[in-house]
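Please keep the sequence and the structure in view while reading.

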2 protein chains.
Amino acid sequence: VKERLQKLRESARKLRTAPLAQRNKVLEKAAELLIERQSEILKANALDLQLLAEEATPAFRDRLLLNESRLKQAGESLRQVAALPDPINEVVEQKVLANGLKLRRVRAPLGVIFMIFESRPNVALESFSLAIKSGNILILRGGKESMKTTAAIYEILCEALESAGFSREFFWGITDSSRDLVKSLLRERQWIDVVVPRGGEGLIQFVVENSSIPIIKNDRGLCHVYVHEDADIKKALAIVENAKTQRPGVCNAMETLLVNEKIASKFLPEMHERLKAKGVQWFGCPKSVNILSGKSGVLSATDKSFDTEYLDLKMSCKVVASLDEAIRHIEEHGSRHSESILTESEKTARIFQEECDAAAVYWNASTRFTDGFEFGLGGELGISTQKLHARGPVGLKELTSLRWIIDGSGQIRG
Amino acid sequence: VKERLQKLRESARKLRTAPLAQRNKVLEKAAELLIERQSEILKANALDLQLLAEEATPAFRDRLLLNESRLKQAGESLRQVAALPDPINEVVEQKVLANGLKLRRVRAPLGVIFMIFESRPNVALESFSLAIKSGNILILRGGKESMKTTAAIYEILCEALESAGFSREFFWGITDSSRDLVKSLLRERQWIDVVVPRGGEGLIQFVVENSSIPIIKNDRGLCHVYVHEDADIKKALAIVENAKTQRPGVCNAMETLLVNEKIASKFLPEMHERLKAKGVQWFGCPKSVNILSGKSGVLSATDKSFDTEYLDLKMSCKVVASLDEAIRHIEEHGSRHSESILTESEKTARIFQEECDAAAVYWNASTRFTDGFEFGLGGELGISTQKLHARGPVGLKELTSLRWIIDGSGQIRG
């Protein structure tokens, strides 16, 4: 293991100064190989699906599944990342000090990144492309259910590196499903610069508890939409429906609806009608349950409801007395991911946006947009819910940090 | 403890949106109180010094010592931080997406910062001023040798908060010297956003091993100056002398001198002559020991020399065959803090600056400039040697991170 890590570190030094064209070539080659060798990947994927436990949910099975169109899409996003501008050596600040020293603050790769992810094998391709483009060496470790699929993908990534004139030592795709290896890697802070866990709460908890390496955490998304008293009802119905149902299993989906008491009795029945067709189940506070009494799929919220990330066609609902109560509810129960206010007042929106301490705070839009691709970052390694380093989608820039380059002419400190 | 942390979190929410004038008033008031109440502080400091163990080094004693002029200086830097522009809500990027969503990326405080420092009591003042200015709540825990001094300082900081209309709950100065409290706080990731250890290797190690909260690490500085074959000898003599001797006990001082073999036999004897007056002790590689044979204070380097941060009038010295060997030596032994190349060739300097992966890389200047004040950041909470979040001096901007504010007009995701 040490030897392997040492080689990755050497590769990191080389990759950091490799020309953009060579880094892009890796991605273009991987996109080609993905099509050329798709039968291999799909065969491995079929095996993984076969071995999947009976009790795996359809959603889980779907996340694991690859097919021609998903691979084609993955290839396209590899090419899109290749087309993005180079993040390395971008000068973000410069100044000349009184003593004549010229300072430039430039972007540099983080180094060696250890990413641990679950189920979706496409994550391997997206992460690899962002890492190589930003000059970072990646160690990847997927979920044990996707080991055969990811092994086939890793082979293609290594061949793409070789075609572009790098070596296989520029990547480590782990195909061993032991947790001990992961645990021991989490202590190798001499060789690994950053750990990125992307998955369920169990994984995040495990990494946070065991890592002595800095982490970019992609924690859960407990996102709220707050409908203020002066909201445009038509917009509100569409936004809440979208935030909850367009893709309920993802972290930027809405989990809790907050409604101002002044419009609750008008808005909630309309909202319920709209969501009925999608089969959404409600967990409401006493006031909302009262307003919706007799309607289908409405249950009383328990103590835990407002802290639950359903990732499903279920939602919590609470009637609040004021903007301030909404903000305080979010402060207490939110996961600092994405929050949205629906109001026709800019002043109200600005208070909400300033006081809600989340990575992305929306005014009159669905929370579903918090995504590296949507934000124009070319994809994402995950969506950070911590405050250090990066908040929200982790794209190319977020895979770099800033260092100082200083030109002098003999300056000494007095 | 939980109750205290909960109150700090509430304070963080208030401070985050408090007006600039109010935050500045805290610093101005603290600067006044520092002068008004200096006898109290100096009395407490005298007690700490009295209780100091006999075997404490003069350097340690000096770091702990406060006097009128040091307090005056501290007051001035509080006023300087107050005069700096507000980092909060600075818009660093904006764009409009094709769907009409308006994105702004703005600076926001980190939240609650737990800083652990050793000896120099002035660090409390500098850290407090940067934290309050950048909208962050600070928990401070100083070394046990300075507990009486820091307790007196904490009292003044609390009074300054109260004079500015905040409460004492906006700061927690820990006056309990138990390590258990520190250890338990390092697990409170629900309440504390960032931990900043600033001190010796023992402290850093302890925090890295025990914290589940993200860390900004201020590790050791093993800094190199490399004298290339075409260096201007006069500049080189002055820069190396400054980097080693101007203040040897700090992290940006030079610990290892690297010299190209083409000029070693000319340069090293002159350098030795220059440093003799300061009493610098050399730990040289065989070639440099050979060149300096018979000179005073020249010893042979051991296996450990090139990994030693002397923080003293001692240095390692190595003759290298090429620019590449110098870079590789730094890659292996450096701590990614500050490195400098002395050369008259811009091309050579650029290779060194790009390939040396340190927070600050100099061309023809002393490493001693890596410092928040020198860089115009208004001070520093420390000098980060990690790659995540911030590299180099941690000033006001580095105490913030970026979040997204998004304005829509009813956008939903398709």
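Chain B and chain A bury about 7,100 Å² between them, and carbon and sulfur atoms give 46% of that area; buried area here is the accessible area, taken with a 1.4 Å probe, that two parts lose on being put together, summed over both. B:Arg13, B:Leu388 and B:Arg413 supply 13% of the area that chain B buries against chain A, more than any other three residues. The contact takes 83 residues from chain B and 83 residues from chain A, where contact means heavy atoms within 4.5 Å.

The model is predicted, so that local features need pLDDT of at least 70 and side-chain atom pairs count only at pLDDT 80 or more, while totals for chains, interfaces and linings use all residues. Residues are numbered from 1 along each chain as its sequence is written, chains are lettered from A and ligands numbered from 1 in the order in which they are written, and side-chain values use heavy atoms, with hydrogens and water left out.

**A sheet with strands from both chains**

Ten strands form an open sheet of mixed pairing, in the order E1(A)-E2(A)-E16(A)-E13(B)-E12(B)-E7(B)-E8(B)-E11(B)-E9(B)-E10(B). Helices (H or I, at least four residues) and strands (E, at least two) are DSSP runs numbered from the N terminus, and two strands pair if DSSP finds at least two bridges between them. The edges are strand E1 (91-96) of chain A and strand E10 (298-300) of chain B, each of which pairs on one side only. From one strand to the next the twist averages 25°, with axes fitted to C-alpha atoms, for helices over the stretch in contact, and angles running from 0 to 180 degrees between N-to-C directions.

E1(A) pairs with strand E2 (residues 102-109) of chain A in the antiparallel sense over five bridges, and A:Lys95 stands opposite A:Leu103 in E2(A). Helix H14 (residues 346-355) of chain B packs on this sheet, where it touches, among others, E2 and strand E16 (400-411) of chain A, and its direction makes about 160° with that of E13(B).

**A parallel sheet in chain B**

Four strands of chain B form an open sheet with parallel pairing, in the order E5-E4-E3-E6, and its edge strands are strand E5 (171-174) and strand E6 (194-198). Four bridges join strand E4 (residues 137-141) of chain B to E5(B), and B:Arg141 has B:Ile174 as its bridge partner in E5(B). Helix H1 (residues 2-16) of chain B lies across strand E3 (112-117), E4 and E5, running at about 140° to E4(B).

Buried means under 20% relative accessible area, exposed over 50%, and partly exposed in between (1.4 Å probe, protein chains only).

| Residue | Relative accessible area | Class |
|---|---|---|
| B:Ser340 | 0% | buried |
| B:Leu311 | 37% | partly exposed |
| B:Arg336 | 23% | partly exposed |

B:Ser340 lies in strand E12 of chain B, and, leaving aside its neighbours within four places in sequence, B:Ser340 is in contact with residues including B:His224, B:Phe352 and B:Tyr362. B:Leu311, in the loop between E10 and strand E11 (314-320) of chain B, has a positive phi of about 50° although it is not a glycine. B:Arg336, in the loop between helix H13 (323-333) and E12 of chain B, has a positive phi of about 65°, again without being a glycine.
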